Amino acid sequence: MEIRHWLHAHQREPFFLFLHANDLHEPHLLTPGLDARRFDPGYDGPVPGTWDEFIRRTNFPYDWQDIVREFSFNPSRANTLYGQLLEHYHAHVPPNTENLPHIKAVYDAQLYYADRGIEMILDLLRELELDAN
């Protein structure tokens, strides 16, 4: 975690921490290393739970890092890519009643992992005694 190293190196200097948690939006796909199966064990349907699975199943030409990078450096291009992503997602992942429980499980996993990330940062701030500011 980059923030851990940065805070240790700069803990005695004034700083402003802006935490942007953008995981909880459509399309509901988890980044590599995260797993939605704990929220929907046994699911074996057509809805992908991760970016890698989505790209593999649908041949989407960009990975999640491409889109995040574009939001950082080229927001107008990122909006175009995000629109293409949503269009591609909806063409391949029909939101019908059969798929809805798994889509909700992936959302729950996104929420869980976002909460854990925020919790880790708050714990780190307490550990470094930076939580009073």
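**Figure 1. Accessible surface and overall make-up of the protein chain.** The accessible surface of the protein chain comes to about 8,900 Å². Carbon and sulfur atoms hold 53% of that surface. Accessible areas come from the Shrake-Rupley method with a 1.4 Å probe, and for residues only the protein chains shown count as cover. This is a predicted model: local features need pLDDT of at least 70, side-chain atom pairs count only at pLDDT 80 or more, and totals for chains, interfaces and linings use all residues. Residues are numbered from 1 along each chain as its sequence is written, and side-chain values use heavy atoms, with hydrogens and water left out. The protein chain has five helices and zero strands. Its pattern along the sequence is α-α-α-α-α. Helices (H or I, at least four residues) and strands (E, at least two) are DSSP runs, numbered from the N terminus. The C-alpha trace spans about 50 × 35 × 20 Å along its principal axes. Of the 133 residues, 29% are buried. Buried means under 20% relative accessible area, exposed over 50%, and partly exposed in between (1.4 Å probe, protein chains only).

**Figure 2. Contacts and charges across the protein chain.** A contact means heavy atoms within 4.5 Å. Among contacts between residues at least 6 apart in sequence, 64% join residues at least 24 apart. The chain carries 11 positive and 21 negative charges. Their mean positions are 2 Å apart. Lys and Arg count as positive, Asp and Glu as negative; His and the chain ends are not counted. Each charge is placed at NZ of Lys, CZ of Arg, CG of Asp or CD of Glu.

**Figure 3. The largest nonpolar core.** Eleven residues make up this core: Leu-29, Val-47, Trp-51, Phe-54, Phe-60, Ile-67, Leu-81, Leu-85, Tyr-89, Val-93 and Ile-103. Helices α2 and α4 are the elements that give two or more residues to this core. Helix α4 gives the most, with three residues. A nonpolar core is a set of buried Ala, Val, Leu, Ile, Met, Phe, Trp, Tyr and Cys residues joined through side-chain atoms within 4.5 Å. In soluble globular proteins, nonpolar side chains tend to be buried together. Leaving aside neighbours within four places in sequence, Leu-29 is in contact with Pro-48, Gly-49, Thr-50, Trp-51, Phe-54, Tyr-89, Val-106 and Gln-110.

**Figure 4. Gln-110 and its polar partner.** Gln-110 lies in helix α5. Gln-110 counts as buried because its relative accessible area is 3%. Its side chain makes a polar contact with the side chain of His-28, at 2.8 Å. A polar contact is a pair of N or O atoms within 3.5 Å; within protein, one must be able to donate a hydrogen and the other to accept it, and residues adjacent in sequence count only if both atoms are side-chain atoms. Gln-110 is also one of the residues in contact with Leu-29.

**Figure 5. Glu-53 and Arg-57 in helix α2.** Glu-53 lies in helix α2, residues 51-58. Arg-57 has its place in helix α2. The two side chains make a polar contact at 2.7 Å. Glu-53 has 18% relative accessibility, so it counts as buried. Arg-57, at 39% relative accessible area, is partly exposed. With neighbours within four places in sequence left aside, Glu-53 is in contact with Val-47 and Pro-48. Arg-57 and Asp-44 are 13 residues apart in sequence, and their C-alpha atoms are 13 Å apart in space.

**Figure 6. Asn-74 in the loop between α3 and α4.** The loop holding Asn-74 lies between α3 (64-73) and α4 (75-92). Asn-74 is partly exposed, with a relative accessible area of 31%. Asp-52 is 22 residues away from Asn-74 along the chain. Their C-alpha atoms are separated by 23 Å.

Figure 7. Asn-59 is not a glycine, yet has a positive phi of about 60°. Asn-59 lies in the loop between α2 and α3. Its relative accessible area is 63%, so Asn-59 counts as exposed. Glu-129, also not a glycine, has a positive phi of about 60°. Glu-129 is found in the segment after α5 (100-127). With a relative accessible area of 67%, Glu-129 is exposed.
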